[in-house]
Amino acid sequence: MEVIPILLLVIVAPLWIIFHYITKWKQMKGITAEDEASLGDLRTAADRLEDRLRTMERIMDDEVPDWRSRHHDKL
């Protein structure tokens, strides 16, 4: 009688867990519309930040022409 619980724990339970996660993985295979929208928002924010950085660098180049060389010397 002790063989049945051992077989359940050794064979059935691991297979059940493996098939459960395989099913979940197949369901989540693609990107959702919400994820795609979030990625689009992140891309837009990154583009705006990049534009701001370029603007700041142009301002710094006009105001303090040698700021890049002074900054790189400290690194």
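These are my notes from looking through this predicted model.

**Ground rules.** I number residues from 1 along each chain as its sequence is written, and side-chain values use heavy atoms, with hydrogens and water left out. Since I'm reading a predicted model, local features need pLDDT of at least 70 and side-chain atom pairs count only at pLDDT 80 or more, while totals for chains, interfaces and linings use all residues.

**Layout.** I found 3 helices and 0 strands in the protein chain, in the order α-α-α along the sequence. Helices (H or I, at least four residues) and strands (E, at least two) are DSSP runs, numbered from the N terminus.

**Overall shape.** I looked up the radius of gyration, taken over C-alpha atoms: the globule rule is 2.2 Å times the number of residues to the power 0.38. A compact globule of 75 residues would come out near 11 Å, but the protein chain has 28 Å. Its C-alpha atoms fill a box of roughly 85 × 35 × 10 Å along the principal axes.

**Helix α1.** The 25 residues should span 36 Å, and the end C-alpha atoms are 35 Å apart, so the two agree.

**Burial.** I note that buried residues make up 1% of the 75 in the protein chain. Buried means under 20% relative accessible area, exposed over 50%, and partly exposed in between (1.4 Å probe, protein chains only). I picked I11, which is found in helix α1; I11 counts as partly exposed because its relative accessibility is 43%. From I11 to I22 I get 11 residues in sequence and 17 Å in space, C-alpha to C-alpha.

Terms used. The expected span of a helix is 1.5 Å times one less than its number of residues.
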